[in-house]
Amino acid sequence: MKVVVGLGNPGSKYEGTRHNVGFEVLAELSRRWSAPKPKSRFEASVTEVLCGAEKLLLCAPQTFMNLSGRSIQQVVKFYQTPLEDLVVIGDDLNLKTGQIRMRAAGSAGGQKGLQSILTCLSTDAICRLRIGIGRPPGEMDAVDYVLAKFRKDELELIDEAILRAASAIETWATDGIAGAMNKYNGDPDKDTDAGKPTS
(Lines give C-alpha, C1' and ligand atoms only; values in the text may rest on other atoms or scores of the structure.)
Protein backbone atom coordinates (compact mmCIF):
# COMPACT_ATOMS: atom_id res chain seq x y z
CA MET A 1 0.00 0.00 0.00
CA LYS A 2 1.23 3.45 -0.92
CA VAL A 3 0.82 6.40 1.46
CA VAL A 4 -0.36 9.81 0.27
CA VAL A 5 0.10 12.58 2.83
CA GLY A 6 -1.74 15.87 2.48
CA LEU A 7 -0.44 18.67 4.70
CA GLY A 8 -2.63 21.21 6.43
CA ASN A 9 -3.96 22.40 9.77
CA PRO A 10 -7.04 20.80 11.38
CA GLY A 11 -10.19 22.72 12.20
CA SER A 12 -12.75 24.76 10.32
CA LYS A 13 -10.90 28.05 10.85
CA TYR A 14 -8.15 26.84 8.51
CA GLU A 15 -10.37 25.56 5.70
CA GLY A 16 -9.67 27.35 2.44
CA THR A 17 -6.33 28.73 3.59
CA ARG A 18 -3.17 28.56 1.51
CA HIS A 19 -1.51 26.20 3.99
CA ASN A 20 -4.29 23.61 3.55
CA VAL A 21 -3.99 22.79 -0.14
CA GLY A 22 -2.64 19.35 0.76
CA PHE A 23 -5.91 18.54 2.51
CA GLU A 24 -7.78 19.76 -0.58
CA VAL A 25 -5.96 17.31 -2.84
CA LEU A 26 -6.84 14.44 -0.50
CA ALA A 27 -10.48 15.57 -0.61
CA GLU A 28 -10.40 15.48 -4.42
CA LEU A 29 -8.85 12.01 -4.46
CA SER A 30 -11.46 10.83 -1.95
CA ARG A 31 -14.22 12.18 -4.18
CA ARG A 32 -12.82 10.55 -7.33
CA TRP A 33 -12.41 7.14 -5.75
CA SER A 34 -15.48 7.15 -3.46
CA ALA A 35 -13.43 6.85 -0.29
CA PRO A 36 -15.09 5.59 2.89
CA LYS A 37 -15.46 7.96 5.83
CA PRO A 38 -12.04 8.77 7.31
CA LYS A 39 -10.97 7.28 10.63
CA SER A 40 -8.78 8.80 13.33
CA ARG A 41 -5.51 6.87 13.57
CA PHE A 42 -1.84 7.77 13.95
CA GLU A 43 -2.81 11.33 15.00
CA ALA A 44 -4.27 11.69 11.53
CA SER A 45 -7.47 11.40 9.55
CA VAL A 46 -6.99 8.37 7.28
CA THR A 47 -8.95 6.49 4.65
CA GLU A 48 -8.09 3.87 2.03
CA VAL A 49 -8.94 3.96 -1.66
CA LEU A 50 -8.21 1.83 -4.70
CA CYS A 51 -6.58 3.77 -7.52
CA GLY A 52 -6.77 1.24 -10.31
CA ALA A 53 -4.93 -1.75 -8.87
CA GLU A 54 -3.06 0.32 -6.29
CA LYS A 55 -4.28 0.67 -2.72
CA LEU A 56 -3.63 4.15 -1.34
CA LEU A 57 -3.78 5.33 2.27
CA LEU A 58 -4.86 8.97 2.24
CA CYS A 59 -3.44 10.54 5.36
CA ALA A 60 -4.14 14.05 6.72
CA PRO A 61 -2.10 14.67 9.90
CA GLN A 62 -4.11 16.35 12.66
CA THR A 63 -1.08 17.45 14.67
CA PHE A 64 -0.94 20.91 13.09
CA MET A 65 1.55 21.56 10.32
CA ASN A 66 4.81 21.85 12.25
CA LEU A 67 4.43 18.41 13.90
CA SER A 68 3.29 16.46 10.83
CA GLY A 69 6.30 14.16 10.99
CA ARG A 70 5.15 12.70 14.29
CA SER A 71 2.04 11.32 12.61
CA ILE A 72 3.75 10.09 9.44
CA GLN A 73 6.46 8.33 11.42
CA GLN A 74 3.72 6.26 13.07
CA VAL A 75 2.14 5.42 9.71
CA VAL A 76 5.43 4.35 8.11
CA LYS A 77 6.35 2.23 11.14
CA PHE A 78 2.95 0.51 11.36
CA TYR A 79 2.68 -0.36 7.66
CA GLN A 80 6.44 -0.85 7.14
CA THR A 81 6.08 1.49 4.19
CA PRO A 82 9.07 1.69 1.83
CA LEU A 83 9.94 5.37 1.56
CA GLU A 84 9.58 5.26 -2.23
CA ASP A 85 5.89 4.45 -1.61
CA LEU A 86 5.34 7.68 0.33
CA VAL A 87 4.44 11.05 -1.17
CA VAL A 88 3.80 14.36 0.61
CA ILE A 89 1.59 17.14 -0.78
CA GLY A 90 1.98 20.69 0.49
CA ASP A 91 1.98 24.39 -0.35
CA ASP A 92 5.04 26.22 -1.62
CA LEU A 93 5.78 29.93 -1.41
CA ASN A 94 8.47 29.66 -4.05
CA LEU A 95 6.19 28.57 -6.89
CA LYS A 96 3.75 30.89 -8.60
CA THR A 97 0.13 30.47 -7.61
CA GLY A 98 -1.39 27.39 -9.21
CA GLN A 99 1.87 25.86 -10.43
CA ILE A 100 2.60 22.30 -9.32
CA ARG A 101 5.95 20.52 -9.15
CA MET A 102 6.93 16.98 -8.18
CA ARG A 103 10.36 15.97 -6.90
CA ALA A 104 11.81 12.70 -5.68
CA ALA A 105 13.99 14.27 -2.98
CA GLY A 106 15.48 17.51 -1.71
CA SER A 107 15.21 20.05 1.06
CA ALA A 108 11.93 21.18 2.56
CA GLY A 109 12.33 24.64 1.04
CA GLY A 110 11.00 26.26 4.20
CA GLN A 111 7.80 24.17 4.33
CA LYS A 112 7.56 23.32 8.04
CA GLY A 113 5.30 20.28 7.63
CA LEU A 114 7.57 18.69 5.07
CA GLN A 115 10.60 19.56 7.21
CA SER A 116 9.03 17.80 10.17
CA ILE A 117 8.51 14.66 8.07
CA LEU A 118 12.06 14.69 6.69
CA THR A 119 13.44 15.12 10.21
CA CYS A 120 11.33 12.36 11.76
CA LEU A 121 12.16 9.92 8.95
CA SER A 122 15.83 10.97 8.91
CA THR A 123 15.97 11.41 5.14
CA ASP A 124 15.30 13.97 2.43
CA ALA A 125 14.62 11.21 -0.14
CA ILE A 126 10.85 11.62 0.13
CA CYS A 127 8.67 12.24 -2.92
CA ARG A 128 6.81 15.50 -2.67
CA LEU A 129 4.24 17.39 -4.71
CA ARG A 130 4.41 21.14 -4.20
CA ILE A 131 1.52 23.45 -5.03
CA GLY A 132 2.46 27.05 -5.62
CA ILE A 133 0.76 29.73 -3.55
CA GLY A 134 2.99 32.63 -4.57
CA ARG A 135 4.84 35.10 -2.38
CA PRO A 136 3.28 37.39 0.25
CA PRO A 137 2.50 40.84 -1.13
CA GLY A 138 4.48 43.84 0.08
CA GLU A 139 5.61 43.56 3.69
CA MET A 140 3.05 40.92 4.68
CA ASP A 141 4.40 38.31 7.08
CA ALA A 142 4.77 34.84 5.55
CA VAL A 143 2.97 33.16 8.47
CA ASP A 144 -0.03 35.47 8.10
CA TYR A 145 0.00 34.87 4.35
CA VAL A 146 -0.08 31.06 4.45
CA LEU A 147 -2.80 31.07 7.11
CA ALA A 148 -5.00 33.43 5.07
CA LYS A 149 -7.68 32.32 2.63
CA PHE A 150 -7.14 32.62 -1.10
CA ARG A 151 -8.29 35.81 -2.80
CA LYS A 152 -11.19 35.52 -5.22
CA ASP A 153 -8.88 36.13 -8.17
CA GLU A 154 -6.74 33.15 -7.10
CA LEU A 155 -9.51 30.60 -6.70
CA GLU A 156 -9.71 29.46 -10.33
CA LEU A 157 -5.94 28.89 -10.46
CA ILE A 158 -5.99 26.92 -7.21
CA ASP A 159 -9.03 24.85 -8.18
CA GLU A 160 -7.23 23.85 -11.40
CA ALA A 161 -4.05 23.12 -9.45
CA ILE A 162 -5.96 20.81 -7.08
CA LEU A 163 -7.28 18.82 -10.05
CA ARG A 164 -3.82 18.62 -11.63
CA ALA A 165 -2.25 17.62 -8.34
CA ALA A 166 -4.77 14.83 -7.79
CA SER A 167 -4.11 13.54 -11.30
CA ALA A 168 -0.36 13.74 -10.67
CA ILE A 169 -0.76 11.61 -7.54
CA GLU A 170 -2.71 9.03 -9.52
CA THR A 171 0.11 8.93 -12.09
CA TRP A 172 2.68 8.61 -9.28
CA ALA A 173 0.73 5.67 -7.84
CA THR A 174 0.58 3.77 -11.13
CA ASP A 175 3.66 4.94 -13.07
CA GLY A 176 6.09 6.07 -10.36
CA ILE A 177 7.71 9.40 -9.63
CA ALA A 178 9.51 9.61 -12.99
CA GLY A 179 6.25 9.22 -14.90
CA ALA A 180 4.53 11.84 -12.76
CA MET A 181 7.41 14.30 -13.08
CA ASN A 182 7.56 13.88 -16.84
CA LYS A 183 3.85 14.55 -17.24
CA TYR A 184 3.17 17.23 -14.64
CA ASN A 185 6.33 19.29 -14.22
CA GLY A 186 5.87 21.05 -17.53
CA ASP A 187 3.81 24.05 -18.52
CA PRO A 188 0.17 23.36 -17.52
CA ASP A 189 -1.09 25.41 -20.46
CA LYS A 190 0.55 22.89 -22.80
CA ASP A 191 -0.77 19.79 -21.01
CA THR A 192 -4.39 19.59 -22.10
CA ASP A 193 -5.17 16.43 -20.11
CA ALA A 194 -3.39 17.35 -16.89
CA GLY A 195 -6.33 18.91 -15.11
CA LYS A 196 -8.89 16.30 -16.05
CA PRO A 197 -10.01 13.65 -13.55
CA THR A 198 -8.94 10.16 -14.60
CA SER A 199 -11.96 8.41 -13.07
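**Close-up views of a predicted model**

**View 1. The largest pocket and its lining.** Strand β5 (86-92) and helix α4 (142-146) each supply at least two residues of the lining of the largest pocket. The model shown here, and in every view below, is predicted. The pocket holds about 340 Å³ of space. Its lining counts 19 residues. H19, G110, K112, V143 and V146 lie nearest the centre of the pocket. Helix α4 gives the largest share of this lining, with three residues. Sorted by class, the pocket lining has eight nonpolar, seven polar and four charged residues.

**View 2. The largest cavity.** Rolling a probe the size of a water molecule over the atoms shows where empty space is left. Across the whole structure, the search turns up one cavity of 30 Å³ or more. The largest cavity has a volume of about 60 Å³. L7, V88, I89, G90, D91, D92, A108, Q111, L114, R128, L129 and R130 line this cavity. Strands β5 and β7 (127-132) each supply at least two of the lining residues. The most comes from β5, which gives five residues. By class, the cavity lining splits into six nonpolar, two polar and four charged residues.

View 3. Helix α2 covers residues 68-79, twelve in number. At 1.5 Å a residue, α2 should span 16 Å. Its end C-alpha atoms are 17 Å apart, which agrees. Buried residues in α2 are S68, G69, S71, I72, V75 and V76. Seen down the axis of α2, these buried residues fall within an arc of 160 degrees, so they line one face of the helix. The cover over this buried set includes strands β1 (2-6), β3 (44-51), β4 (54-61) and β5, together with helix α3 (112-121). Q80 follows α2, and its phi is positive, near 50 degrees.

**View 4. S68 in helix α2.** S68 lies in helix α2. How buried is S68, given as relative accessible area? The value is 1%, so S68 counts as buried, the cut-off being under 20%. Leaving aside residues up to four places away in sequence, S68 touches L7, P61, T63, G113, S116 and I117.

**View 5. V76 in helix α2.** V76 is another residue with its place in helix α2. V76 is buried, with a relative accessible area of 12%. Which residues does V76 touch, not counting those up to four places away in sequence? They are T81, L83, L86 and L121. V76 and L118 are 42 residues apart in sequence. In space, their C-alpha atoms are 12 Å apart.

**View 6. Helix α1 and what packs on it.** Helix α1 (21-32) has twelve residues. From first C-alpha to last, α1 reaches 17 Å, close to the 16 Å expected at 1.5 Å a residue. Its buried residues are V21, G22, F23, V25, L26, E28, L29 and R32. Two of the names in that set are E28 and R32, and Glu and Arg count as charged. The buried residues of α1 pack against strands β1, β4, β5 and β7 and against helix α5 (155-184).

**View 7. S34, after helix α1.** Most residues other than glycine have a negative phi. S34 has a positive phi, near 50 degrees. S34 follows α1 and sits in the loop between α1 and β2 (39-41). Is S34 buried or exposed? S34 is exposed, with a relative accessible area of 64%.

**View 8. E43, between two strands.** E43 has its place in the loop between β2 and β3. Phi of E43 is positive, near 55 degrees, in a residue other than glycine. E43 is partly exposed, and its relative accessible area is 34%.

Notes:
Residues are numbered from 1 along each chain as its sequence is written. This is a predicted model: local features need pLDDT of at least 70, side-chain atom pairs count only at pLDDT 80 or more; totals for chains, interfaces and linings use all residues. Side-chain values use heavy atoms; hydrogens and water are left out. On a 1 Å grid over the protein atoms alone, a cavity is a set of points where a 1.4 Å probe fits but cannot get out, and a pocket is an open set with protein on both sides within 12 Å along at least five of seven lines; lining residues have an atom within 4 Å of a point. Grid points are joined across faces, edges and corners, and a volume is the space filled by probe spheres set on the points. Helices (H or I, at least four residues) and strands (E, at least two) are DSSP runs, numbered from the N terminus. The expected span of a helix is 1.5 Å times one less than its number of residues. Buried means under 20% relative accessible area, exposed over 50%, partly exposed in between (1.4 Å probe, protein chains only). The arc is that of the directions from the helix axis to the C-beta atoms. Contact means heavy atoms within 4.5 Å.
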